[in-house]
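Me: Please take a close look at how one chain is divided and how its parts meet. Then set that part in the context of the rest of the model.

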Amino acid sequence: MNEILIAFKRAALLIISLDRELLEIILLSLRISLSAIFVATVAGVLTAALLAFRRFPLRGAIVSVLNTFMGLPPVVVGLVLYLILSRSGPLGFLGLLYTPTAMFIAQAVLAYPIVAAMSYSAIRSVRPEIRLAALGLGATGFQASLAVVRDARYGIVSSVMAGLGRVMAEVGAVLIVGGNIAGYTRVMTTTIALEYDKGDFSLALALGIILLLISLCINLVMYLFQRRMTLAD
Amino acid sequence: MRLGKILLAVIILMSLLSYTHGQTRIRCASTTSTQNSGLFDYLLPIFEKETGIKVDIVAVGTGAALEIGKRGDADVVFVHAKEEELRLLREGYFANRYDVMYNDFVIVGPPDDPAGLKGLSSATEAFQRLAQRGATFISRGDNSGTHKKELKIWKKAGLNPKGRKWYLEVGQSMAKTLRIANEKRAYTLTDRGTWLALKDKERMDLEIVVEGDPVLFNQYGVMAVNPKRHPHVKYKEALKFIRFLISEKGQKAIATFRDSHGNQLFYPNASKGVRIKPIE
């Protein structure tokens, strides 16, 4: 129990002292996770809209695959990406292994199915009258679809939050493709794993507390954003 | 929706920030035990100051480190599995291998020593006794240098413990394996460095039961990834790093390195006055 108390104290000290190394680690974590979620959101919402508004063969199969991939084990994603990005792999010439870019790709891959599948169900749960009403008012098919997506925005923001939660907390994939290189590819979660390995439990826990605080801030902003959207209705 | 736009702008800005940096860097695949001891934090700044080259350490098990090197995903490897290193050197995956330093492995176990290993000077005999008495033994089981050493000792003892119910393969790092041994009141094979670091920090209720057998000697070596096989590697810089490690200065730095409890963890033993010949 003592360790937990010490951890809170150390977390507070770390925040107050604004340790430069820690700050860089936090910034890198944010940069990788936010850019990953950005790409995953664009791709995921597009996919969701396509699946919801277009009829094409294997649509149901794709939805099932997306739902399954929501549970992709990060280590598996990491390993597959490792083999692809390795110098001996098909994309080895790019020299991306053990770079932040590789970590960004891994996280985008992890977040994409979550955003796509959850946005899809959000779009699907919009009442069909909305689309019909828009069409009745003279909207084009594209405009009507846009109106439906707009109506599903609450659920879409939730899907983005879920995706962000996953990538911020993820360690397995970024450890494999990033290599946890000090000052280069070391992020919050891999630092926590390392400090645990080194036996500094209270520091590991302190870093965990800070990571949670950051997630809390991001979620608060998203929540405000979501609430404002509802109020605007 | 202004908040939304600001949010979006921040996110896009974050994504556009490039990840690049100018400094010359080489990548060294090494082992968790070396990294966790703090040795690199001590050595690398000295090397960086001298050459301006930044060394990125990817710390994994020895098996994985060698694989990463074989695949060309590192420029240099710094590991401890001499026989295998020499084999891969012969097979042409690596070039310019040198001994750098050593420490040793020890067998640790519960202080009440249920298998009665204390007083034995032979690790092989100790393993035989463990098997006879069916005392719980925690194996790394992760193809690391320590695991390879352990398997070698079992082989020497003429035993195959795999699948026996007292033999637990945990597939984890040395520190985690020691913690499991501590919780389970079991025996395990560990490098002395990790043991010393953890024993004090985590008040481990285990002690060394067997040490000093020559078979427990733990040689660390460094070698460059063969540029003929992987033309993209930074061979010249890798050689600079190797040269530093076996130089008088590097060797002295290794000898003066102490962990946070003041223990010496590594003993330099590179041959003196070696001239490194780059392969053509």
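Reply: In chain B, the C-alpha centres of domain 1 and domain 2 lie 26 Å apart. The bounds of these domains come from an automatic or database domain assignment. For chain B it gives domain 1 as 24-103 + 219-268 and domain 2 as 104-216. Residue numbers start from 1 along each chain as its sequence is written, while chains are lettered from A and ligands numbered from 1 in the order in which they are written. The model is predicted, and local features need a pLDDT of at least 70, side-chain atom pairs count only at pLDDT 80 or more, and totals for chains, interfaces and linings use all residues.

Between the two domains of chain B, 16 residues of domain 1 are in contact with 16 residues of domain 2; contact requires that the C-beta atoms of two residues, placed from the backbone, lie within 7 Å. On the domain 1 side of chain B, H2 and helix H4 (62-70) each supply at least two of the residues that touch domain 2. Helices (H or I, at least four residues) and strands (E, at least two) are DSSP runs, numbered from the N terminus. H2(B) has the largest share of that side, 4 residues. The domain 1 side of chain B divides into 3 nonpolar, 12 polar and 1 charged, where Ala, Val, Leu, Ile, Met, Phe, Trp, Tyr, Cys and Pro count as nonpolar, Asp, Glu, Lys and Arg as charged, and the others, Gly among them, as polar.

Two helices of chain B can be followed in more detail. Helix H6 (residues 123-133) of chain B packs against helix H7 (residues 145-156) of chain B at an angle of about 80°, with the axes 9 Å apart. The angle makes H6(B) roughly perpendicular to H7(B). Axes here are lines fitted to C-alpha atoms, for helices over the stretch in contact, and angles run from 0 to 180 degrees between N-to-C directions; under 35 degrees counts as roughly parallel, over 145 as roughly antiparallel, 65 to 115 as roughly perpendicular and the rest as oblique. H6(B) contributes Ala123(B), Thr124(B) and Phe127(B) to this contact, and H7(B) contributes Ile153(B), Trp154(B) and Lys156(B). By class, the contact of H6(B) with H7(B) has 4 nonpolar, 1 polar and 1 charged residues.

Chain B also meets chain A, with 28 residues of chain B in contact with 25 residues of chain A. Helix H1 (2-16), helix H2 (32-37), strand E2 (54-60), helix H8 (174-184) and helix H9 (192-201) of chain B each give at least two residues to the side that touches chain A. H1(B) gives the most to that side, with 7 residues. The side of chain B that touches chain A has 13 nonpolar, 8 polar and 7 charged residues.

Chain A has 11 helices and 0 strands, and its C-alpha atoms fill a box of roughly 65 × 50 × 30 Å along the principal axes. Helix H2 (residues 20-53) of chain A packs on helix H8 (residues 153-169) of chain A at about 140°, with axes 10 Å apart. This makes H2(A) oblique to H8(A). The crossing of H2(A) and H8(A) is right-handed; a crossing is left-handed if the near helix is turned anticlockwise from the far one by less than a right angle, and right-handed if clockwise. Among the contact residues are Ala36(A) and Ala40(A) of H2(A) and Val160(A) and Gly163(A) of H8(A). The residues of the contact of H2(A) with H8(A) divide into 9 nonpolar, 3 polar and no charged.

A right-handed crossing also occurs between H6(A) and H7(A). The axes of helix H6 (residues 128-136) and helix H7 (residues 141-151) of chain A come within 9 Å and cross at roughly 145°. Their contact residues divide into 6 nonpolar, 1 polar and 2 charged.

As for confidence, chain B averages a pLDDT of 91, with 94% of the residues at 70 or above; pLDDT is the predictor's confidence in each residue, from 0 to 100. For chain A the mean is 91, and 99% of residues reach 70 or more. Among the elements of chain A, helix H1 (residues 2-17) has the lowest mean pLDDT (86) and helix H5 (residues 100-124) the highest (97). The model scores ipTM 0.78 and pTM 0.83.
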